[in-house]
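Thanks for coming, everyone. Let's take a quick tour of some helices. Here is what we'll be looking at.

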Amino acid sequence: MTRETLELGGLELTLETGRMAKQADGAIWLTYGETTVLATVCADLDSEKEFDFMPLTVDYREKMYSVGRIPGGFFKREGRPSDKETLSARLTDRPLRPLFPEGFYKEVQILINVLSSDGEHDPDVLGTIAASAALAISHVPFNGPVGSVRMGYVDGEYVVNPTFKQLEESILDVVVSGTAQSIMMIEGIAKLVDEETFLKAIEIAHEEVKKIVALQVKLAEAIGRTKAIFVPAEKDMTLDTRMIAEYDGRIADLCKIAEKQERKKAMKAIIADAREKLTEEFPDEDGEIKEWVNARFDHIVRRRVVKDKIRIDGRKHADIRPIACDIDVLPRVHGSALFTRGQTQALGTITLGAKFDEQKVDGIDGVYFKPYMLHYNFPPFSVGEVRRFLGQSRREVGHGNLAWRAIQPVLPAWDDFPYTIRVVSEVLESNGSSSMATVCAGCMALMAGGVPLKSPVAGIAMGLIEEEGEFAILSDILGDEDHIGDMDFKVTGNEQGITACQMDIKIAGISIELMRTAIVQARQGY
């Protein structure tokens with residue numbers, strides 16, 4: 001058994017391995033005060049299955065016995081993951097996923113179980129720490145570790161890993177995850193906090209993250225387990241040369257097509273033509289042909305954005321797409337609004353109810369009622385696709401929660417407006433930033449329905465492309481810019497300050513200064 005300890009936010013954080021779950025590739029028994037989390041990692045490194053993506057699965061579960069309670073309901077056992085558990089799993093997945101080696105497409109499963117909870121701290125950030133440590137001591141190739149902390153701001157003081165009671169008084173609740181070098185993920189809510197206060201919280205959080213990363217490095221060195229050797233597949237340079245000669249010009253022209261569906265059709269035509277012409281010469285490269293076209297498109301777009309300062313749809317870096325707003329588009333609902341920004345469109349509706357319409361939530365942090373709900377729906381027709389519709393996805397839960405956090409700080413107090421509020425966003429068309437369109441449509445629907453907001457808010461999605469030492473920060477990113485870019489940074493608020501944020505990174509991370517530049521540009525947009 002090996003154990004390492006660190007003081008964090010006034011409590012002792014301990015990482016232990018070698019006593020439990022020893023058949024997993026990596027297992028960490030984390031304790032923080034009276035909270036205990038077990039994270040395990042298993043990987044199918046010898047599998048012959050071929051994937052063209054990283055098949056990482058992260059599941060986070062909170063056991064009701066962790067707080068001495070029996071689950072409610074007929075079956076008296078834990079059921080499907082709650083929204084809270086889904087959101088916590090995403091908090092772990094998002095900073096870890098970019099740190100696997102490029103081209104590493106082996107199945108990896110991370111299971112996080114909260115086994116004991118002190119009832120005072122949210123264990124979600126502990127799940128990320130435990131999962132990262134489990135990866136660090138395993139055979140799985142991983143360019144971590146990652147640390148994670150929650151920051152609060154109470155009575156003018158920053159608080160590391162605040163308690164639930166402190167969060168009730170805090171004007172800031174933000175989770176920051178990163179490596180020793182840079183920030184990987186931010187997720188938070190703020191009560192119209194100014195940019196400098198927000199950024200200072202990120203800086204303090206990163207200093208704590210560095211300590212957590214050092215603790216994991218120390219544990220991994222003590223274990224001394226050798227990482228599995230991963231060698232990326234070599235590219236067929238003969239195919240590469242032929243494709244450049246035959247299709248580079250057509251792909252360059254493709255990058256100038258502004259309309260999304262037209263661009264998709266043109267790309268499919270190039271792929272089909274290349275397969276027809278080159279299949280005989282390269283019979284085993286069918287998948288590589290499609291991958292090459294996509295990669296070449298990404299490369300040309302990135303260079304045009306950074307070097308020529310021209311985006312796919314012709315906009316400059318800080319330009320916002322045309323916006324159209326309509327209210328009262330549905331005659332029998334309590335409030336409705338249609339928000340359109342470029343090729344992204346959201347229909348927002350509100351329903352007002354009585355006290356008994358509140359949502360009852362049964363979790364390890366207790367039973368409580370939510371008088372405000374926001375639900376986000378993303379049907380396949382919104383992107384012109386045919387897809388099985390199996391109910392709400394993790395992405396829909398995450399985007400809905402982001403929009404919920406964006407609007408919640410400006411809602412009236414219950415004493416001033418004693419109604420249960422349900423906001424629903426139907427994404428009718430999507431080409432980037434549908435969660436931010438949800439914020440705008442939801443806010444307008446609330447005002448159309450007569451809800452006395454403290455002030456309206458809006459949201460914008462910012463992107464980053466870094467190429468050959470130069471970078472471009474993009475406002476109001478398209479779907480393709482999100483896909484090929486290095487950052488998706490969503491910020492909501494108004495002239496008074498920030499209400500919510502969500503940042504994901506696909507590269508090794510970004511600096512505080514780059515983040516400051518993105519936030520300033522975002523404020524000009526929303």
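How are α6 and α7 set to each other: oblique, or roughly perpendicular? Keep in mind that this is a predicted model.

Start with the geometry. Helix α6 covers residues 260-278, and helix α7 covers residues 286-308. They pack at an angle of about 140°, and their axes are 10 Å apart. An angle over 145 would count as roughly antiparallel. So α6 and α7 are oblique to each other. Their crossing is right-handed.

Who makes the contact? On α6, the residues are Arg-263, Met-267, Ile-270, Ile-271, Ala-274, Arg-275 and Leu-278. On α7, they are Asp-286, Ile-289, Lys-290, Val-293, Asn-294 and Phe-297. By class, that contact has 8 nonpolar, 1 polar and 4 charged residues.

Next pair. Helix α1, residues 83-96, packs with helix α8, residues 394-407. Here the angle is about 95°, with the axes 10 Å apart. That makes α1 roughly perpendicular to α8. From α1 we have Asp-83, Thr-86, Leu-87, Ala-89 and Arg-90. They meet Arg-394, Arg-395, Val-397, Gly-398, His-399 and Asn-401 in α8. This contact divides into 3 nonpolar, 4 polar and 4 charged residues.

Last stop: helix α11, residues 512-525. At 1.5 Å a residue, its 14 residues should span 20 Å. The end C-alpha atoms are 20 Å apart, which agrees. Several of its residues are buried, including Ile-512, Leu-514, Met-515 and Arg-516. What covers the buried residues? The cover includes helix α4 and strands β10, β18, β19, β20 and β21.

Methods. Residues numbered from 1 in each chain as written. Predicted model: local features only at pLDDT ≥ 70, side-chain atom pairs only at ≥ 80, totals over all residues. Heavy atoms only, no water. Axes fitted to C-alpha atoms, helices over the stretch in contact; angles between N-to-C directions. Helix = DSSP H or I, 4+ residues; strand = E, 2+ residues; numbered from the N terminus. Parallel < 35°, antiparallel > 145°, perpendicular 65-115°, else oblique. Left-handed = near helix turned anticlockwise from the far one by under 90°. Contact = heavy atoms within 4.5 Å. Nonpolar A, V, L, I, M, F, W, Y, C, P; charged D, E, K, R; others polar. Expected span 1.5 Å × (residues − 1). Buried < 20%, exposed > 50% of the residue type's maximum accessible area, 1.4 Å probe, protein only.
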